[in-house]
Amino acid sequence: MARITRDEVEKVAALARLSLGDEAAERMASELDQILEYAWSLSQVDTSDVEPTAHAIPLPTPLREDRAAPPLDPELAVANAPEREGSAFVVPKVIEGDEEG
Amino acid sequence: MGAVFDSLSELSQKLASREVSSLELVGAALARADATQSTLHAFVGLRPANARAEAEQSDARRRRGEPRSPLDGIPIAIKDNMVQTGEPTTCASRILEGFVSPYTATAVARLEHAGAVVIGRTNMDEFAMGSSTEHSSSGPTRNPWRLASTPGGSSGGSAAAVAAGIVPAALGSDTGGSIRQPASFCGVVGIKPTYGRVSRWGLVAFASSLDQIGVFTRSARDAASLLERISGHDPSDSTSIPEPAPELASALDGDVSGLVVGLPRECFVAEGVDPGVLAAVEGAVAELERAGAKVREVSLPHTRHAIATYYLIATAEASSNLARYDGVRYGRRASGARNLTEMYERTRSEGFGEEVKRRILLGTYVLSAGYYDAYYRKAQQVRTLLRGDFERAFGACDVIVTPTCPEVAFDLGAKTSDPLAMYLSDIYTVSANLAGIPGLSIPCGLVRGLPVGLQLLGPALGEAVLLRMADAFERRTPHQARRPEGFP
């Protein structure tokens with residue numbers, strides 16, 4: 001049985017804000033299935049009572065003095081924006097329902 | 001005039017004695033980069049005007065007798081995933097087309113501060129995801145030893161540029177082997193330091209718990225002097241280790257007597273290892289033994305699960321890190337979308353290449369409800385076991401030795417249609433990233449005319465012992481002095 005189906009690939013793609021064509025979705029499903037099948041070998045490892053590792057070199061949370069410092073110049077911060085208005089980023093309409101307008 | 005394959009210290013002496021100027025060195029590096037671009041394609045972009053201006057400033061400092069460091073005026077290259085103020089950074093991705101950075105990565109800033117001159121940005125697999133530098137929006141880099149072969153990846157452009165004598169040194173990044181594997185394929189030295197040794201500030205994130213900046217050079221000594229410059233605590237990176245930069249070059253005394261080399265039995269019986277590679281590595285171990293090192297067998301039983309563990313953790317982190325490319329604040333935006341969601345989807349679908357999409361999908365899947373425990377959490381638990389393996393092994397030895405890769409450089413196109421085969425190329429390298437420990441690759445022979453890499457792994461913060469052993473090995477063997485034919 002496949003570990004991941006084409007339907008699941010499309011669901012995951014939607015979550016990741018990617019749209020795949022038919023051919024790509026089919027191919028990804030088969031490639032991801034092969035990779036997940038390989039990764040499933042981890043299920044043989046006994047990990048009862050093993051804590052997960054998020055970072056290999058654990059450090060205490062670094063603290064610093066709460067002192068104001070000059071921020072990135074707002075002009076520079078928006079300089080790379082595909083579309084801007086003053087120091088604001090412009091995006092397409094967020095609220096659905098009036099797409100023609 | 002500086003010779004193409006001069007070391008950092010030779011160039012430094014020639015600059016200090018005025019035998020050569022920085023402008024001449026930088027001009028020669030730019031010319032060689034240009035001349036080899038159509039064959040090697042090591043660079044994504046060069047910065048000739050700025051590099052020449054900086055070289056002139058360096059020459060002026062030298063004339064005044066005020067060099068900033070021995071590196072002042074030396075041309076270097078950086079991987080296209082490290083930002084520099086006023087310069088483009090694309091990560092070899094269409095989605096970052098047009099991006100110009102408002103700030104500079106700490107590692108790059110430290111080199112600038114030492115007076116080094118960045119001549120350009122080297123090619124890579126898109127977002128550092130790959131092992132061959134074929135997944136690049138600007139096309140593949142080729143191996144200077146054999147143009148039909150890949151240079152490895154993802155830092156293939158940096159490795160090729162150093163191997164071909166374009167620059168004496170380059171920065172790369174290593175998330176699962178992306179410095180060591182291309183160093184192995186291109187016959188140069190590459191070191192991935194301990195996680196947190198070099199600041200990640202200004203390194204575009206792929207998998208934040210694994211990413212680390214390191215260096216490519218043509219000798220262990222050069223690697224030591226460059227790594228010293230870029231290491232050390234940086235308050236801008238909360239995972240930066242609060243330790244000063246280590247003294248590395250002074251540790252290279254050529255003496256390895258009494259050091260214990262651990263040979264993990266699992267790495268020498270693994271299937272699918274080129275027998276020529278294995279023979280070269282065994283020859284290197286014998287040489288270290290003749291130099292006075294002791295050899296003993298160690299065991300890393302969980303390394304056979306390292307690739308699975310790595311690709312689950314790295315893709316999970318990548319899927320989260322790459323969510324930021326949404327067409328809103330920088331980079332490319334797809335035109336004509338009717339609403340925000342459509343804009344996101346079209347921007348990301350047009351902007352990311354196949355391998356990046358594959359990893360985002362895999363990472364999103366293993367983090368999604370219902371699969372998180374079976375895949376992602378399981379991988380994090382195996383990561384703990386793997387760290388334990390290394391802790392036990394380093395109780396019995398100073399340095400662990402393995403092949404860097406199971407093979408020599410493979411042909412372009414050989415693995416692009418089989419993602420899992422490409423992933424397995426990282427079988428010896430990913431464990432160091434999972435355990436956070438330093439790893440280094442040095443040339444130890446040729447198989448069918450292509451370089452073989454010897455991997456040395458050390459305990460956390462153990463860069464000095466790795467470089468000391470690598471330097472001692474170089475002094476006793478001819479491998480590091482070999483150059484690719486066709487690039488005289």
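For its 101 residues, a compact globule would have a radius of gyration near 13 Å, yet chain A comes out at 23 Å (the radius is taken over C-alpha atoms, and the globule rule is 2.2 Å times the number of residues to the power 0.38). This is a predicted model, in which local features need pLDDT of at least 70 and side-chain atom pairs count only at pLDDT 80 or more, while totals for chains, interfaces and linings use all residues. Residues are numbered from 1 along each chain as its sequence is written, with chains lettered from A and ligands numbered from 1 in the order in which they are written.

The C-alpha trace of chain A spans about 55 × 50 × 25 Å along its principal axes. Its secondary structure consists of three helices and two strands, in the order α-α-α-β-β along the sequence; helices (H or I, at least four residues) and strands (E, at least two) are DSSP runs, numbered from the N terminus. Buried residues make up 17% of chain A, where buried means 20 or more other C-beta atoms within 10 Å of the residue's own, exposed means 12 or fewer, and partly exposed is in between, with C-beta atoms placed from the backbone. Of the contacts in chain A with a separation of 6 or more, 33% are between residues 24 or more positions apart (a contact puts two C-beta atoms, placed from the backbone, within 7 Å).

Chain B is another story. With 488 residues, a compact globule would have a radius of gyration near 23 Å, and the 21 Å of chain B agrees with that. The C-alpha trace of chain B spans about 65 × 55 × 45 Å along its principal axes, and 63% of the residues of chain B count as buried. Chain B holds 16 helices and eleven strands. Among its contacts between residues at least 6 apart in sequence, 76% join residues at least 24 apart.

Where the two chains meet, chain B puts in 56 residues and chain A 45 residues. On the chain B side, α10 (306-321), α11 (340-351), α12 (354-367), α13 (372-393), α14 (419-424) and α15 (430-435) each supply at least two residues. The largest share, eleven residues, comes from α13(B). Sorted by class, the side of chain B that touches chain A has 28 nonpolar, 17 polar and eleven charged residues; Ala, Val, Leu, Ile, Met, Phe, Trp, Tyr, Cys and Pro count as nonpolar, Asp, Glu, Lys and Arg as charged, and the others, Gly among them, as polar.

Helix α2 (residues 22-39) of chain A packs on α10(B) at an angle of about 125°, with the axes 9 Å apart (axes are lines fitted to C-alpha atoms, for helices over the stretch in contact, and angles run from 0 to 180 degrees between N-to-C directions). That makes α2(A) oblique to α10(B); angles under 35 degrees count as roughly parallel, over 145 as roughly antiparallel, 65 to 115 as roughly perpendicular and the rest as oblique. Here Ile35(A), Tyr38(A) and Ala39(A) meet Ala308(B), Tyr311(B) and Leu312(B), a contact with six nonpolar, no polar and no charged residues.

Helix α1 (residues 6-15) of chain A packs on α12(B) at about 95°, with the axes 9 Å apart, so α1(A) is roughly perpendicular to α12(B). Val9(A), Val12(A), Ala13(A) and Leu15(A) meet Leu361(B), Thr364(B) and Tyr365(B), giving six nonpolar, one polar and no charged residues.
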